[in-house]
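Have a look at the model below and keep it open while you read. We'll stop at a few spots and see how they sit in the fold.

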Amino acid sequence: MALQSSGTTCAVRGCTCNQTKLNLWLKEQCYIHKPKVRAECTCERRYSFHRLPIEDEAKRNWLKNLNLKKPPKTLYVCSFHFVEKNPTEDNPYPTLFLGYEKPPEKRRRLLRRDDSSFSTGPTIPCGLTLAPPPELQPAASYTLTNNADCLLYTGIPLLEFHTLVSCLQGFAPTSSLHLVADQILMTLMKLRQNFVNADLAKRQNKSHGQVSKTVKLWIDVLYKHTKDLIPWLSRETIKATLPEAFKDNFPNTTCIIDCTETVLQKAKNLDSRSESYSHYYASNTLKYLVATSPSGLVMFISEAYGGKCSDRYIAQNSGFLDCLRPGDEVMANRGFTIRDLLEERKVNLVMPAFTRKQCQLTNEEVTHTRRIAHARIHVERAIRRLKVYKILSQTSLLIWSQSLIK
């Protein structure tokens with residue numbers, strides 16, 4: 001059922017921030033200061049609302065920037081649209097993510113002078129003249145105006161996109177002439193839809209080299225500053241969110257693990273081609289380990305390894321084992337022959353039964369295997385959500401992936 005607004009709603013086009021959503025967020029438990037709810041903790045509010053000023057000049061500038069055909073009688077703008085999160089002396093007006101593209105400013109025409117002694121440039125033989133150098137145009141803003149477009153191109157809702165841009169604003173290179181929002185949007189479009197660089201260059205009016213450099217830069221920035229958003233949950237939190245499929249048969253499960261692969265462009269170097277060849281896919285791939293909680297939350301993603309690496313090797317060298325604590329229980333498929341590694345850490349392994357030298361499994365083993373398969377579907381669904389980003393589900397270019405192969 002859709003949330004009904006309490007009346008305090010951001011007036012910017014396409015922005016869905018309102019007081020009702022903020023109140024629901026304030027009632028949630030704070031992950032840092034638990035068991036306090038966010039309304040009682042000292043963490044920064046998700047956003048705040050600012051009312052249209054009374055002063056004529058300020059009011060006129062607000063309405064000019066918002067560019068609304070029919071402004072509401074009581075007008076509020078949320079903090080996402082201010083440079084400093086609220087009106088300040090240096091930045092008193094809303095200027096960010098206003099839901100439309102600002103038209104280019106009109107430039108005055110330069111009057112020609114008839115004085116023959118005046119020259120605008122060097123003289124060229126044969127009566128030719130030098131064309132004036134092209135003026136540097138401001139970066140085009142590829143504006144997102146609604147959640148549907150934002151989810152299509154970035155994989156995240158519009159509000160989360162604005163939050164991401166606000167958090168990463170300070171890490172942009174000072175030499176760049178393009179808007180930070182455009183650079184981050186371009187990077188997310190590359191990850192979400194795997195557009196070729198020529199397509200991105202045409203969409204945002206940039207050169208092929210600029211697109212390549214920008215995407216590589218922001219992938220590193222995103223990795224560095226968002227990796228903490230993948231938390232390893234405490235045992236108490238995992239117990240509190242345990243699905244019904246685990247409560248009866250696997251109540252002590254801490255995480256479910258699996259490896260997945262992304263098809264890779266064949267390398268010219270024979271060593272690299274050999275290291276990335278996967279017999280399972282009969283192709284060159286990148287392979288990485290994913291661990292989720294029983295509720296389906298991604299808690300760990302390893303770095304990428306060549307498809308030749310075994311599940312055991314990745315589990316042993318990726319840092320996954322360091323996340324486990326004595327008493328934990330890991331659910332995995334038959335490919336993870338890591339029981340000895342887990343027993344050293346006093347961790348239990350739950351996996352389907354092997355036939356070994358037997359002709360077939362017993363009835364108890366068949367039932368146990370079916371229950372594990374029913375529970376393991378959570379990690380497969382999580383991997384499917386990752387593969388929504390087409391750079392992981394389509395054939396990746398070696399130029400984007402060669403630095404990740406171990």
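## A hidden threonine

Thr285 is buried, with a relative accessible area of 0%. Buried here means under 20% relative accessible area, while exposed is over 50% and partly exposed lies in between (1.4 Å probe, protein chains only). This threonine belongs to strand E5, which covers residues 283–292. Strands (E, at least two residues) and helices (H or I, at least four) are DSSP runs, numbered from the N terminus.

Who are the neighbours of Thr285? Leaving out residues up to four places away in sequence, Thr285 touches Glu261, Thr262, Val263, Leu264, Ser276, Ser278, Tyr305, Gly306 and Gly307. Contact means heavy atoms within 4.5 Å.

## Where this comes from

This is a predicted model: local features need pLDDT of at least 70, side-chain atom pairs count only at pLDDT 80 or more, and totals for chains, interfaces and linings use all residues. Residues are numbered from 1 along each chain as its sequence is written, and side-chain values use heavy atoms, with hydrogens and water left out.

## Cysteines

How many disulfides are there? The count is 0, where a disulfide is a pair of cysteine sulfur atoms within 2.5 Å. Cys78 is in no disulfide: its nearest cysteine sulfur belongs to Cys10, 3.7 Å away. Cys78 is also buried, at 0% relative accessible area, and Cys41 is buried at 11%.

## Helix H5

Most of H5 is covered, with 13 of its 14 residues buried.
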